[in-house]
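Here is a short report on ligand surroundings and an aromatic contact. Look at the sequence and the structure first.

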Amino acid sequence: MKTIELKHPLIEHKLAILRDRKTGTKEFREIIKEISMFLCYEAMSDAKLDEVTVETPIEKMKTGKLNEDNYAFVPILRAGMGMLEGVINVIPNAKIGHIGMYRDEKTFEPINYFFKVPKKIEKKEVVILDPMLATGGSAIDAIDLLKSKGVKKIKFLCIIAAPEGIKKVEKKHPDVQIYCASIDSHLNENKYIVPGLGDAGDRIFGTK
Ligand code: PRP
Ligand code: URA
């Protein structure tokens, strides 16, 4: 599946603030949340609705409702937590899992340190959250872990993706649809996204 990039002047505007090194923690968090809401809307454009009848003040009508229990959000710790509030605003009854990962500073390989997902996860559509898709290592390991638990439908939401990471994830997991707000230029020698926004986790949590 080809990666979907949100192309919209308002998204570019929000990203310009997010990328700016002078943007402080509060505004950084708010914009991650806002963009995550838009990503979630886009990711739900193929959602199947249950047919329901509602009575408006004027008359009865047949319409559709989402069974929110069929969805689980799984942020990759830490930075993915910054996206959770935004997507939960959109689907408030979705269940939540957590995958703990960090990149080894020398090898850039992801190390998994935590995995906890809701019961019957294999029956749900799982939406993974991580602001940065760089080499793609963390995304691939997170998808591998979820598939090993029997999950069949997975989407991956990120704010910024590098072409190198996209290529790797699309090759290893062609069934996983990636949604991002921007596909940037490339990775630098430290495997940071260029131009990117720096270290997403540190900027969300103010740790540097
Ligand atoms: C960042 C980011 C992704 C990962 C992306 O996390 O949030 O999880 O790197 O890199 P990759 O595509 O090359 O695997 P980091 O390891 O910095 O941990 P953090 O969320 O705790 O800051
Ligand atoms: N992780 C980040 O937080 N930023 C990058 O550019 C790459 C990995």
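## Ligand 2: backbone contacts

In this predicted model, a polar backbone atom of alanine 200 lies 2.8 Å from an oxygen atom of ligand 2. Isoleucine 193 also takes part: one of its backbone N or O atoms is 2.8 Å from an oxygen atom of ligand 2. Glycine 198 faces a nitrogen atom of ligand 2 instead, with a backbone N or O atom at 2.8 Å. Taken alone, ligand 2 exposes 240 Å². The protein buries 89% of that.

## Ligand 2: shell and site

The shell around ligand 2 consists of Arg103, Met132, Ala134, Lys191, Tyr192, Ile193, Gly198, Asp199 and Ala200. By class, the shell splits into 5 nonpolar, 1 polar and 3 charged residues. The site of ligand 2 is the largest pocket.

For aspartate 130, a side-chain N or O atom is 2.5 Å from an oxygen atom of ligand 1. For arginine 103, the corresponding distance from a side-chain N or O atom to an oxygen atom of ligand 1 is 2.7 Å. Glycine 136 contributes through its backbone: a polar atom there is 2.9 Å from an oxygen atom of ligand 1. Ligand 1 exposes 500 Å² when taken alone, and the protein buries 90% of that area.

## Ligand 1: shell

How many residues surround ligand 1? There are 15, and the closest are Arg103, Asp130, Thr135, Gly136 and Ser138. Arg103 is also listed among the residues around ligand 2. The shell of ligand 1 divides into 6 nonpolar, 5 polar and 4 charged residues.

Three elements each supply at least two residues of this shell: strand 6 (98-103), strand 9 (132-133) and helix 4 (137-148).

## The aromatic pair

The structure holds 1 aromatic pair. Its partners are tyrosine 102 and tyrosine 113.

What does the pair tie together? Tyrosine 102 lies in strand 6 and tyrosine 113 in strand 7 (residues 110-116), so the pair links parts that are 11 residues apart in sequence. Strand 6 also supplies at least two residues of the shell around ligand 1.

Definitions and conventions
Residues are numbered from 1 along each chain as its sequence is written. Chains are lettered from A and ligands numbered from 1 in the order in which they are written. This is a predicted model: local features need pLDDT of at least 70, side-chain atom pairs count only at pLDDT 80 or more; totals for chains, interfaces and linings use all residues. Side-chain values use heavy atoms; hydrogens and water are left out. A residue is near a molecule or strand if one of its heavy atoms lies within 4 Å of it. A polar contact is a pair of N or O atoms within 3.5 Å; within protein, one must be able to donate a hydrogen and the other to accept it, and residues adjacent in sequence count only if both atoms are side-chain atoms. Accessible areas come from the Shrake-Rupley method with a 1.4 Å probe; for residues, only the protein chains shown count as cover. Helices (H or I, at least four residues) and strands (E, at least two) are DSSP runs, numbered from the N terminus. Ala, Val, Leu, Ile, Met, Phe, Trp, Tyr, Cys and Pro count as nonpolar, Asp, Glu, Lys and Arg as charged, and the others, Gly among them, as polar. Rings of Phe, Tyr and Trp (its six-membered ring) pair if their centres lie within 6.5 Å; planes under 30 degrees apart count as stacked, over 60 as edge-to-face and the rest as tilted. On a 1 Å grid over the protein atoms alone, a cavity is a set of points where a 1.4 Å probe fits but cannot get out, and a pocket is an open set with protein on both sides within 12 Å along at least five of seven lines; lining residues have an atom within 4 Å of a point. A molecule sits in a cavity or pocket if more than half of its atoms lie within 2 Å of its grid points.
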